Amino acid sequence: MSESPASIPHGELIDGAYRVLSTLGAGGEGAVVRASRVSDEIPVAVKRLHLHRVADGEARTRFEREARALNGLEHPNIIRMLDFGFDDQGPYLVTELLSGRTLDALLREGPLPPEVALELGIQIAAGLGHAHAEGVVHRDIKPENVFIEDVPGRGLCAK
């Protein structure tokens, strides 16, 4: 296997439970792949540290802290964690698979109408407020980390 989870081949199994379908994105710390849960074929997103980061105790601790923070948080404006585990490649975090785009991608298309910007701001604040009430502080709020879904009957929803 290569250095980065971003190059996990299509069809490869993660911990025997998740079959990799495609890469969704990668950054300096890790990557996110689209996968299918083997038991019921439900699509999920799996986040992994790059292999060279797994040995870095600080990076691994941050990753595990993120999983503990997400665990049990239930709110319409917070991504839902489904699983967390370890295999021979290190820790992985499984979340619901969102469809849409990041807030920064949406903003690159041009300014948002004021009513849309206000509604998204309220949703982001609601998600953060819930997390804070549960003792979780998000330390990296930025448009790249806010996902926008277009939900039928509800419009744009931030997570």
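View 1. Contact means heavy atoms within 4.5 Å. Helices (H or I, at least four residues) and strands (E, at least two) are DSSP runs, numbered from the N terminus. The model is predicted: local features need pLDDT of at least 70, side-chain atom pairs count only at pLDDT 80 or more, and totals for chains, interfaces and linings use all residues. Residues are numbered from 1 along each chain as its sequence is written, and side-chain values use heavy atoms, with hydrogens and water left out.

View 2. H2 spans residues 57-70, 14 residues in all. From first C-alpha to last it reaches 20 Å, close to the 20 Å expected at 1.5 Å a residue. That expected span is 1.5 Å times one less than the number of residues. Ala59, Phe63, Glu64, Ala67 and Leu70 are buried. These residues cover an arc of only 130° around the axis, which puts them on the same side of H2. The arc is taken from the directions from the helix axis to the C-beta atoms. An α-helix has 3.6 residues a turn, so residues three or four places apart point the same way. Glu58 and Arg68 are exposed, on the face turned away from the buried side. Buried means under 20% relative accessible area, exposed over 50%, and partly exposed in between (1.4 Å probe, protein chains only). Gly72 follows H2 and has a positive phi, near 90°.

**View 3. H2 against the sheet.** H2 lies across S4, S5 and S6. It runs at about 30° to S6. Axes are lines fitted to C-alpha atoms, for helices over the stretch in contact; angles run from 0 to 180 degrees between N-to-C directions.

**View 4. The open sheet.** Its 6 strands follow the order S1-S2-S3-S4-S6-S5, with antiparallel pairing. Strand S1 (13-14) and S5 are the edge strands, each pairing on one side only. Two strands pair if DSSP finds at least two bridges between them.

**View 5. Two hairpins that share S3.** Strand S2 (residues 18-26) pairs with strand S3 (residues 30-37) over 7 bridges, in the antiparallel sense. Their hairpin has 3 residues between the strands. Val20 stands opposite Ala35, and Ala26 stands opposite Ala31. S3 also joins strand S4 (residues 43-49) through 7 bridges, again antiparallel. Here Gly30 stands opposite Leu49. The hairpin of S3 and S4 has 5 residues between the strands, and Glu41 takes a positive phi near 60°.

**View 6. The largest nonpolar core.** It has 11 residues: Leu49, Val54, Phe63, Ala67, Leu70, Leu73, Ile78, Met81, Leu93, Ala131 and Val136. H2 gives the largest share, 3 residues. A nonpolar core is a set of buried Ala, Val, Leu, Ile, Met, Phe, Trp, Tyr and Cys residues joined through side-chain atoms within 4.5 Å. Ala131 touches Leu73, Ile78 and Val136, not counting residues up to four places away in sequence. Another core, of 9 residues, lies apart from the largest one; Ile14, Val33, Val46 and Val94 are among its members.

**View 7. Leu70 in helix H2****.** Leu70 counts as buried because its relative accessibility is 12%. Its contacts are Ile78, Ile79, Met81, Leu93 and Thr95, not counting residues up to four places away in sequence. Thr102 is 32 residues from Leu70 in sequence and 19 Å away in space, C-alpha to C-alpha.
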